[in-house]
Structure formats: structure tokens, C-alpha cells
Amino acid sequence: MSDSDSVKVAVRVRPFNQREKAANSKCILSMNGSQTVITDPATGNTKMFGFDQSYWSHDGFKEDDNGIYQGTDSSYADQRRVFNDLGQGVLNNAWAGYNAALFAYGQTGAGKSYSMVGYGINRGIVPITCDELFTAISKNEDKERQYQVSFSMLEIYNEKVRDLLSKDSKNLTVRQSPKQGFYVENLKQTPVQNYKEIERLMDQGTKNRTTASTNMNATSSRSHMVITVRFKQVFINASGESTTKSSEINLVDLAGSERASSTGATGDRLKEGSAINQSLSTLGNVISALADNSSGKKKVMVPYRNSVLTKLLQNALGGNSKTIMIAALSPADINYEETLSTLRYADRAKKIKNNAVVNESPTDRLIRELKEENARLMAKLQGQDRGGKGRDEELERMLQENVRQMSDIQMTWEKKLEEARREWEQSQAQVSKEDMMIKEHPYLQNVNEDPYLSGVVKHALPPGNNYLGNSKSETGNSIFIRGLGILACHVVMSNSGTEISIEPVSPDAKVVINGQQIMVKTPLQHLDRLMLGSNCLFLYVGYPADRVNQEEMKQYSYDFFQQELAQSQGMTTLLGTPRLGEGANEAMDKLVFQDFVQLMPKVDEVNAMSKDMNKAMTFQPIIKNLASHDSLGNNKEMEVEVLVTNTLTNQVWMWSKAKFINRKFLIEELYQQYMEEGKLDVEQVSSGEDVLSNIH
Ligand SMILES: Nc1ncnc2c1ncn2[C@@H]1O[C@H](COP(=O)(O)OP(=O)(O)OP(=O)(O)O)[C@@H](O)[C@H]1O
């Protein structure tokens, strides 16, 4: 059975965030039924788009006593409504044996994770879908049917694939097989029996993602996360023959889209070469090609092979899958260009036609086909042996994969569950031990730029000396943290049983408390903010007796940390204290302040990378006046820029904010290569690709 249908597209607008509120942002979006209208704040011109769904989640709601966002107005779309419209369809398709895919697109902070995974009790589509799947399974009393659900979670960063459920941080390889298409070799697929197990796996994956992002000095918003739920129904007839109906559900939280569009406006051509961007820009090209093909305008080649993401999503885009895209939108005028580009992207995606088929076949046939394939591969390899040319590695690998699949089908589901249970018990024991330590002792809690990854990693500080550093081999280290500027042994945190102090282990170990760098042993207070090295942020949570008010902790977000750091660098005096009634001017000050606050940690990171790679380059954020002061002395127009200095030649350059962000991607890539290989690629450097040497 085959079913040709278009990709379903929904858009959703979120509330203003703190930054947008502080800048007195105006809402530039309105929705009416399935239509979305965007207004250009500069001209007042409007553009209208029609989608399968337009979700208004900007206002018209309140937080109830349990923390659930409840609509106070019927126009408000809550998490349940989004699930009912989109997630339920995914589930229905999975039951029918179709592959399904749902991916979230949009600029960083536009609400992709909120819609896909959700925050706390406001669960998003992925958890609700998984929960509902098991609820439906438990209600189904058909004795002739066996259900098999497995779960995998991976991350694509810089064209490399990492298994988020594996302790091993090795990169995995994407392979292609004639039957399966593209797949990730050795990706862990954990069998699951209930929703709780999925929840635990998602927690584990999120924790791994958080640690990996600081280790690689990469913000999670630059990576794509792919969750795959495989749902198999095995029907056994009266004579004992079985038929398998299977569905692969891909749930994809894409990297922030701004890298693919707006910063390109600076004409910084180096940007295009960045691998960090490759998957997302190829996704755009694949969508455009598919849209052109299905509109019959022209026939073009679809460039699936140009990126890891599009290889893995080949089925979801124009193939055997029922696919939904949700585009997350920021309501704020300052994001007009980005939001318009997201709407255009979503508009193109609507045109893609898929051809989903029910994946159903007798289990015996699956095994017979694999056996036939096995015999064919063996014969080929033997032919090569006889020819004396040596075995083709690719053929050999295909044979191994074939054997693996065969044993996977033949291994009973009970045995797979048993294996998974053993692993679960082991990790559960570890989790309980960590939870106990956190309950009894003071601890450090991570703070991440991506709110979804904040508060995920916790390090307990039991009585005695706790050494923290980036080297596992340093015998003294009990807490292992990696990140820019973290030394092999960085600090010692001493817990006397009633008091905790922190002390840098060497003068090079950067330790900042509540915005102030410290050089000597300093006592810590409950909820102090710590920055270790250039970008490792932690909230210190004191002894159990200090933790009376759990709500207090919420205010110490990433933005809070950065504002505190900016203020300690004299930012408020730099801008002047806004006076009441200044209106637009006050908002302008705030906007520049926000820009500065956003840029500052990024500049710190680039400085640290430059230092590590022994580059004589320093970077400094500055505020540039574009126009003179008015008669009252108010700053009329200001902009944040980055001053770049070559400390050997004393040459200086000014980079715009967009140019700096562009270049930072490339510097990160260079740094990652440096960290992995311990050196820089000489060819790349001499060909002028090295952005730190080739500055202009
Ligand atoms: N519909 C919504 N209702 C209420 N709050 C929302 C909504 N959508 C997003 N938010 C809030 O906006 C912030 C940013 O959202 P989110 O983390 O989902 O963005 P993102 O697009 O996933 O960003 P990133 O690319 O960094 O992962 C979060 O604090 C989230 O709670």
C-alpha cells in the first residue's frame, strides 16, 4: 500500500522572553485560523502565509499552581493541543505501520525544544507521544500480537554523529545498505517496556549532550538531536506464522536556523564553508529541490548525500514517511528577518510530497531475504579470494551488518529485554547513589546557554578536599570537568562539614565568583555563581539546611550570570544609568546592553581558544557610537562591535557583531580540530583558510 501526501507544516509563536521584554519589543505576528501574518516593523508592510496549523502561544495563558501553562483565552495553543493535532497523527501512522517523522525548525531560542521535548511539567510532543504509545499498548489485549519498542538518541554536531545513550564518546559512521538506505553503524537501540524507561533514557541522553557541549566548547543550539522510536507489532496466526508490521518514528530537534541565513547578510563568504552549518544548509537545499520537483517546475537532483542529517532523514523528506514540520517563531520585532526566513522555509516545506508505504511483511520472508543477501555477499567475497585481489572492505562490512540484522531478528524479544534490564539496574544503582550524595551534601549545578540543558549536571561536594580539573589522570581530581580554560587540576573546594571554600590551584586557574575574579581561598555562600575557566558556569547549592526556598534557584539563569559579569565589567556606567521617561532611548540602552551581554561570553571563549592555539590575537567587545549625542547628552545610536588585535604587529580590526559570530563558527571548527589532533592542519593554515591568521 502506498500513500502520496504532502509534508504537514505547523508554525508556533512563543511568548516574549526576558531579553525581548527588556528591549520593549513589539509583537510582529498575528494569526487567524491557519493563517499567519507578519508585519515588517520598519515599513508596516504585511505578508500572509497559510499552513496546516498556526499555533498562537504568545499570550492568553497563565501558569497554574502546578506550573502548567493553561490557556485563559481560547486562541492559546497549549502543549496538549499541539500533541493532539500533530503527535496523535504520528502515533496513528505508527500503528498503521507507516514511518513517521516530526522535525522542529527555527532560530535559537524560538521554542523548538519547548514544542518537541517541553520543559518540566509542560511536556512536549516527544514525551507525550511515547507515553501515549505505551498507554495504547497496555489497553490492547490482543493475545496474538506482540509489541516491541526500542529507543535511540543521537546528536549531529559538525557533521559528526554521537550516540547520546552510549558511555563511549566515539563518533559513529553513517553507512548505506541497499535494503535499509542510510543508517548509523553501531547506534545503540535500547528495548523499552514502558514510558518511565524512555524518560530515564532521555534524561541520560540530555546529560550526555550537556557534558559533550561543554567538552567540545559547542553550544547545543548548534547541534541536531535525533530521537528514533522503533515500533514493531508482531502478529502470530493460528498456525504459528508471524507477520511483522514496523514503523520508525524520527523526532528531530534541529540546530538553530540563524546560521543558515541572517549572518550571511554581512557578505562574509567564509561562512559558507563551515561544516557546523553543512547539515542545516543542505537540509534547506534538499527541501528546495523537493519543492521544485513536486511543483513540476523543473527536475533537479536532490542533494541528500551532501550532509549527515539529510542522509539520515532521506526517508522523512520525499520518501517512505509521513512527515510533519513544526516551525518555531519568535514574536519580537528585532527578529523580523529571521522569522520571515523561517516562514519562507516552512512555506517551501509544504510543497514536499512523500510516498509512505505500510511496512508489513512475514517475519520468515525478512529472514529469507537476509539469508539470500548473505549468500550473495559470501559468494562475491569468495570470488575476490580466488582472484587473489584481497577482500573488498565495504563488502565485508555489509556482510557483518547482514549477520547482525539476522541475529537481531532471531534473538527473542525477551532476551533483548533481559539484557536491557541488566544494564538499567546497573545504571539505576549509580543514579541512586548520585541522588543521595546531592541530597546530603552541597553541590555544583551546571548553567547552560540553552535553558534546556541547565541544571542537568550536578557535582556533589562531600566533606574533605574536592579537586576539580580536566584530567582524569591527575590523581587528586575527584570531579572531572572539561571546558575552555580549565586546567588539569583547576580548583580545590574544601568542605569542613559546616563551611565550603574554593581556591584556585594555580595562578592561571581562572575562578570568578558572582562576577569577581578571585585569586585566593574564598568561602562560598548558598547560591553563589561560579565561572571556572572561560565558559563553565555553575550555581553553588549549599548544605541541605540552606535549601529552604527551592524557587530562589530559578532566577539564576544563564542570562543572570552574563548580566552580572557584564555589570562587574562596568557596563552600566558605560551606558549611563537610564533616567525615567526617556522612552526610546532607555530601550536603546537596554538593547545595546543585551547585545553586549550576549556577545561578551562568546568573545571570552574566542580569546581562550586563540590563547590555547598560541595565536597572537585578542578580541574585545566595545560599544561604538554611530551618531553623536543629542542636545541632552543622550546616546542616539550605539552598536556593539569587536575590536581584534594582533599582539605581535599591533594591527587592529573592527568586526561587526554578525561578522564576529560568523568567524566564531570557523574558529570553533579550527579549535576542535586542534583539540582532536593536537595541531592545526598546515595545509589549511597555509591556504589562508585559518581565520585566526587570515583576519580581514
Ligand atoms: N510555547 C511556549 N510557551 C511558553 N514558553 C515557551 C514556549 N516556547 C518556548 N518557550 C520558552 O522560550 C525559551 C526558549 O525556548 P527553547 O529552548 O524551546 O528554544 P529552542 O528553539 O529550542 O532554542 P535552542 O536552539 O537554543 O535549542 C525557553 O525558556 C522556553 O521555556
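1. Basis of the reading. The model is predicted, and local features need pLDDT of at least 70, side-chain atom pairs count only at pLDDT 80 or more, while totals for chains, interfaces and linings use all residues. Residues are numbered from 1 along each chain as its sequence is written.

2. Once neighbours within four places in sequence are left aside, Ala 346 is in contact (C-beta atoms, placed from the backbone, within 7 Å) with Val 9, Val 11, Phe 51, Met 325 and Ala 327.

3. The annotated loop. UniProt, in an unreviewed entry, places the feature "binding site" at Gly 106, Gln 107, Thr 108, Gly 109, Ala 110, Gly 111, Lys 112 and Ser 113; UniProt positions are given in the numbering used here, feature names are shortened, and annotations may be inferred rather than shown by experiment. Gly 111 is in the loop between strand E9 (100-105) and helix H3 (112-116), and Gly 106 and Ala 110 are found in the loop between E9 and H3 as well.

4. A residue is buried if 20 or more other C-beta atoms lie within 10 Å of its own, exposed if 12 or fewer, and partly exposed in between, with C-beta atoms placed from the backbone. Gly 106 is therefore buried, because 26 other C-beta atoms lie within 10 Å; Ala 110 counts as buried with 27 such neighbours inside 10 Å, and Gly 111 is buried with 24.

5. Beyond four places in sequence, Gly 106 touches Gly 111, Lys 112, Ser 257, Ala 327, Ala 328, Leu 329 and Thr 342, whereas Ala 110 is in contact with Arg 14, Ala 328, Leu 329 and Ser 330. Gly 111, under that sequence limit, contacts Arg 12, Arg 14, Gly 106 and Ala 328.

6. Helix H12. In H12, residues 558-568, the buried positions include Phe 561, Gln 562, Gln 563, Leu 565 and Ala 566, and just after this helix Gly 570 takes a positive phi of about 80°.

Technical notes: Contact = placed C-beta atoms within 7 Å. Helix = DSSP H or I, 4+ residues; strand = E, 2+ residues; numbered from the N terminus.
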